[in-house]
Amino acid sequence: MRVITGTARGRRLKELSGTETRPTTDRVKEGLFNIIQFDIEGRRVLDLFAGTGQLGIEALSRGAASAIFLDMRKDAASLVGENLKLTGLQDRGRVICGDAMAYLSTCREKFDIVFLDPPYGTGLLEQALSKITQFDILRGHGIIVCESKISQELPPVAQPYFLHRTYRYGQIKLTVYHRQGEDEA
């Protein structure tokens, strides 16, 4: 697992041992960042269910202003901190060890990009998507990127959010939602 491009290009990230964490494959990650490549520079990112932190770190490497990494596992949160140091991006990243739903329910910050890649088949993706739209934590023109199995159907979202597009990478699906800008709502 490596950083694809940007200031930390080519840096190998540490991985968690065991099977509890399923890192995004390089092919899917490259596709994801091709989709949002013009929306990263200077943006605030939330990497929910961060695991190794590779998605948020890739965004920081490509010019995101800041990123919050959240994972409920202490070993994962610790590893994200190590990976941030390894890439020299620790000054723009903040790691939180805690429950994603509790964080979203009390979040007072606004983000431009949110990455949702929880463990498959847990219902966490649907719950997180619901909380993000319910508490409206995205700025105008914000983006939510969800990774899931190809067979998983995600629920519709309410205005000002809307389904932008889905992309297929083998058995993996990326679902991209956008938030309308203030002038469009």
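I began with α2, which is mostly covered, since eight of its eight residues are buried (buried means under 20% relative accessible area, with a 1.4 Å probe and protein chains only; helices are DSSP runs of H or I with at least four residues, strands runs of E with at least two, both numbered from the N terminus). I noted that this is a predicted model, in which local features need pLDDT of at least 70, side-chain atom pairs count only at pLDDT 80 or more, and totals for chains, interfaces and linings use all residues. Residues are numbered from 1 along each chain as its sequence is written, and side-chain values use heavy atoms, with hydrogens and water left out.

I listed the buried residues of α2 as Q54, L55, G56, I57, E58, A59, L60 and S61. I then looked up what they pack against and found α1, β1 (44-48), β2, α3, β3 (93-97) and β4, where contact means heavy atoms within 4.5 Å. After α2 comes G63, and I read its phi as positive, near 110 degrees.

Next I turned to the nonpolar cores, each a set of buried Ala, Val, Leu, Ile, Met, Phe, Trp, Tyr and Cys residues joined through side-chain atoms within 4.5 Å. The largest has 30 residues, and those with the most contacts inside it are L32, F33, I36, F69 and F115. I found that α1 (26-36), α2 (54-61), β2 (66-71), α3 (74-87), β4 (111-116), β5 (138-149), β6 (161-169) and β7 (172-179) each give two or more residues to this core. For I36, I set aside the neighbours within four places in sequence and was left with contacts to I113, F115, I143 and V145. Apart from this core lies another, of 25 residues, including F49, F111, A128 and Y161.

For the whole protein, I counted five helices and seven strands, which follow the pattern α-β-α-β-α-β-α-β-α-β-β-β along the sequence. The radius of gyration is 15 Å, close to the 16 Å that the globule rule gives for 185 residues, so the protein is as compact as a globular protein of that length; the radius is taken over C-alpha atoms, and the rule is 2.2 Å times the number of residues to the power 0.38. I also recorded that buried residues make up 51% of the 185 residues, and that among contacts with a separation of 6 or more, 66% join residues 24 or more positions apart.

Definitions and conventions. Buried means under 20% relative accessible area, exposed over 50%, partly exposed in between (1.4 Å probe, protein chains only).
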